[in-house]
Amino acid sequence: MGSRRQFIASLLAASALPTLSWADAGNPRYLAAAREPGGGYALFGLSVAGRDTFRVPLPARGHAAAGHPHQPLAVAFARRPGTYALVIDCADGRVLHQLDLPEGRRFNGHGAFSAAGDVLYTSEIVAGSGRGVIGQWDTTRGFRRIGEFASHGIGPHEIARLPGSEDLVVANGGIHTALNDERSKLNLDTMQPNLSYVSAGGRLLEQVTLAADLHRNSIRHLALRADGLVAFAMQSEDPAALAPPLLGLHRRGAPPVLATAPEAQQTRMKGYAGSIAFSGDGAHIALTSPHGSVVCVFEAAGQFVGMLNRADVSGVGPATGGFLTTDGLGGLCRIKGGTLSPLVAAPRAWDNHLVTLPT
């Protein structure tokens, strides 16, 4: 009897233990990878004012990260296609786990958590074919791999969970990338990018493709609004296209809408969109182009608003009244009221993305 009482008491004591939250990591609003002055790499947490809340070293260049919806845990992904994905305790800076891929796989830079945070989904590619796979990892059991399903395309890049749902949206870029240091692109003539909606078990729910003359527009990055509107950013692999559309909008059950700036401004983006985000109020979309050193702003329905200059700008995330951006010169800037203003200058080169944490 005594041992039974002790067992019950231990369960009650365990249930009473406080659960760590993002407040224990300094209340970061964003995650961003960077190269530091000494040549090393790290993942940073950033506040709404752009100040560091934590720093964790990375073994090599990072790309993006996924933040747990409740706990101060982040999974940092290598530059794609990459071999590492590290589970980081952002409260104390410890690397808790390194995800082990099956033979012949590479991570492709992004991941997403289920609503409860008990499953992590990762975008992956298969050597030899570029076939896309979404890996499933049980976060409650040491991030053990528990399954996988098809991404329903070639070269999946960013994946995201739809608001209020367990369904995922996948940006299948369409590019078969060689798993070597050169990252050679092997199928540009036969690319077929798509936007795929899949259930948490991998069932294809809906798929969006582009017109045949845009088959070299690789669908890469995603921004989701609370009402289910999906914005997607593209990168053109067509050298003959001077001002290809780089922004797409989609709602389930409707055809996609492609949006462009006037030709003079669109040309300045050089066929390359780096990152994408809705503004804090959801009324606008920002599309960055590090190749063109510009940020293009649109209304959420796709109408062009304006273009702002910033050298090597790539990361972008929502902020009150507008956006926050990061760039390769160490700058964090705020976009508000049609103006881009420097906010913080850091001694590091920010990488591609500014990932917004759940609130």
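Modeller: Two strands count as paired if DSSP finds at least two bridges between them. Keep that in mind for this structure, which is a predicted model.

Biologist: How many residues lie between the strands in the hairpin of strand 9 and strand 10?

Modeller: Strands of a sheet pair through backbone hydrogen bonds, and the pairing is either parallel or antiparallel. Here strand 9 and strand 10 (residues 131–138) run antiparallel and are joined by 7 bridges. Their hairpin has 4 residues between the strands, and Gly-128 takes a positive phi near 90 degrees there.

Biologist: Which strand forms a hairpin with strand 9 and has 5 residues between?

Modeller: That is strand 8, and in the turn Gly-117 has a positive phi of about 80 degrees. Strand 8 and strand 9 are antiparallel, with 6 bridges joining them. Phe-107 stands opposite Glu-124 of strand 9.

Biologist: How many residues of strand 9 are buried?

Modeller: A residue is called buried when its relative accessible area is under 20%. In strand 9 (residues 119–126), 8 of the 8 residues are buried. Val-119, Tyr-121, Ser-123 and Ile-125 point one way, while Leu-120, Thr-122, Glu-124 and Val-126 point the other way. Residues of both groups are buried.

Biologist: In what order do the strands of the 4-strand open sheet come?

Modeller: The order is 24-25-26-27, with antiparallel pairing. One of the residues to look up is Leu-324, whose bridge partner in strand 26 is Arg-334.

Biologist: Is Leu-246 buried or exposed?

Modeller: Leu-246 counts as buried because its relative accessibility is 1%, and the cut-off for buried is under 20%. Leu-246 sits in the loop between strand 17 (230–236) and strand 18 (247–250). Beyond its neighbours within four places in sequence, Leu-246 has contacts that include Phe-232, Met-234, Met-269 and Leu-287. Tyr-272 is also in contact with Leu-246; the two are 26 residues apart in sequence, and their C-alpha atoms are 7.1 Å apart.

Biologist: Which residues does Pro-244 touch, not counting those up to four places away in sequence?

Modeller: Pro-244 touches Asn-217, Ser-236, Gln-266 and Gly-271. Pro-244 is found in the loop between strand 17 and strand 18, and counts as buried because its relative accessibility is 6%.

Biologist: What volume does the largest pocket have?

Modeller: Rolling a probe the size of a water molecule over the atoms shows where empty space is left. In this model the largest pocket has a volume of about 1300 Å³. Its lining is made of 48 residues, with Arg-161, Leu-224, Thr-356, Leu-357 and Pro-358 nearest the centre. Among the elements that give two or more residues to this lining are strand 8 and strand 16 (217–224). The lining divides into 27 nonpolar, 16 polar and 5 charged residues.

Biologist: How do the residues lining the second largest pocket divide, and how many are charged?

Modeller: There are 12 charged, 10 polar and 6 nonpolar residues in that lining. The pocket has a volume of about 530 Å³. Of its 28 lining residues, Arg-61, Arg-79, Arg-183, Tyr-272 and Asn-352 lie nearest the centre. Strand 16, strand 17 and strand 28 (349–350) each give two or more residues to the lining of the second largest pocket.

Terms used. Residues numbered from 1 in each chain as written. Predicted model: local features only at pLDDT ≥ 70, side-chain atom pairs only at ≥ 80, totals over all residues. Heavy atoms only, no water. Buried < 20%, exposed > 50% of the residue type's maximum accessible area, 1.4 Å probe, protein only. Contact = heavy atoms within 4.5 Å. 1 Å grid on protein atoms, 1.4 Å probe; cavity = no way out; pocket = protein on both sides within 12 Å on 5 of 7 lines; lining within 4 Å. Points joined across faces, edges and corners; volume = space filled by probe spheres on them. Nonpolar A, V, L, I, M, F, W, Y, C, P; charged D, E, K, R; others polar.
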